[in-house]
Every structure is written in C-alpha cells, then in structure tokens.
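Let us walk through this structure step by step. Keep the sequence and the 3D view open side by side.

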Amino acid sequence: MLRLWLRRAGERRDTKMCLAIPARIVELEKDNAVVDAMGNRWRAKTTLLPEAKLGDLVLIHAGFAISLVDEEEAKETWELLAQISNFEETPNKISG
C-alpha cells in the first residue's frame, strides 16, 4: 500500500491507498500467474483477464489482473512510483 499524507484545513492525517500496479507476467499456469514490477514479484490471478498470456503487461489490483497495458504506460507508472519512493526516503522533505 502507498502511504500518503493528506492535509485538510491544516490537519495532517496518515492515509493508506490501494493502487493498481502494472506488472509483467513472468510465469503462467491456467489462471495462476507470477508477475514482476520493478524487480518485485508476487502471485496474481488472471481469472478476470483470460486473454492474458506469458510476457503481457497487465494492471494488477487486489491480486487480480484487471486489464492489459502497453509498455509505455507501464514505464511511466513505474517511474512515478520510483519518484514517490525517492521522495518518501528523503529527509526533511517539503511538498505542496
């Protein structure tokens, strides 16, 4: 989960948010897949996307492949996630 800081009327609040992440299918047997995103691997189901095949880039949400994505879209999302991760690790960060 991505941890975000939200501000409302001067209030700071820690909020968790679920995201769909693009990942490449690196193993596939029936509807059981192993997917890879930025070197991280986990199991996912392709039940909702039966046309998915080995090597496809898919959007993963809550452990399920929910749509196919193209290479450029996946790369843009991975870059944004890397930027967020870098920001989270930055001491004395200022945003907004």
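Start at Leu49, which sits in the loop between strand 5 (40–45) and strand 6. The model is a predicted one. Is Leu49 buried or exposed? Its relative accessibility is 5%, so Leu49 counts as buried; the cut-off for that label is under 20%.

Which residues surround Leu49? Leaving aside residues up to four places away in sequence, Leu49 touches Val58, Ala65, Ile66, Ser67 and Leu68. Take Ala65 from that set. Leu49 and Ala65 are 16 residues apart in sequence, yet their C-alpha atoms lie 6.2 Å apart in space.

Val58 stands opposite Ala23. Strand 3 (residues 21–29) and strand 6 (residues 57–61) run antiparallel, joined by four bridges.

Strand 3 has a further partner to look at. Five bridges pair strand 3 with strand 4 (residues 32–37), again in the antiparallel sense. Within this pairing, Leu28 has Ala33 of strand 4 as its bridge partner. Two residues lie between the strands of this hairpin. Lys30 takes a positive phi there, near 55°.

Turn next to the surface. Leu48, Phe64 and Ile66 form a nonpolar patch. Together they have about 260 Å² of accessible area. Ile66 is also among the residues that Leu49 touches. Phe64 belongs to strand 7 (residues 64–68). How does Phe64 count, at 32% relative accessibility? Phe64 is partly exposed, because that label covers values between the buried limit of under 20% and the exposed limit of over 50%.

Notes:
Residues numbered from 1 in each chain as written. Predicted model: local features only at pLDDT ≥ 70, side-chain atom pairs only at ≥ 80, totals over all residues. Heavy atoms only, no water. Pairing = 2+ DSSP bridges. Patch = residues over 30% accessible without salt bridge, like charges linked within 9 Å, V, L, I, M, F, W, Y side chains within 5 Å. Areas by Shrake-Rupley, 256 points an atom, 1.4 Å probe, with all protein chains shown as cover. Salt bridge = Lys/Arg side-chain N within 4 Å of Asp/Glu carboxyl O. Buried < 20%, exposed > 50% of the residue type's maximum accessible area, 1.4 Å probe, protein only. Contact = heavy atoms within 4.5 Å.
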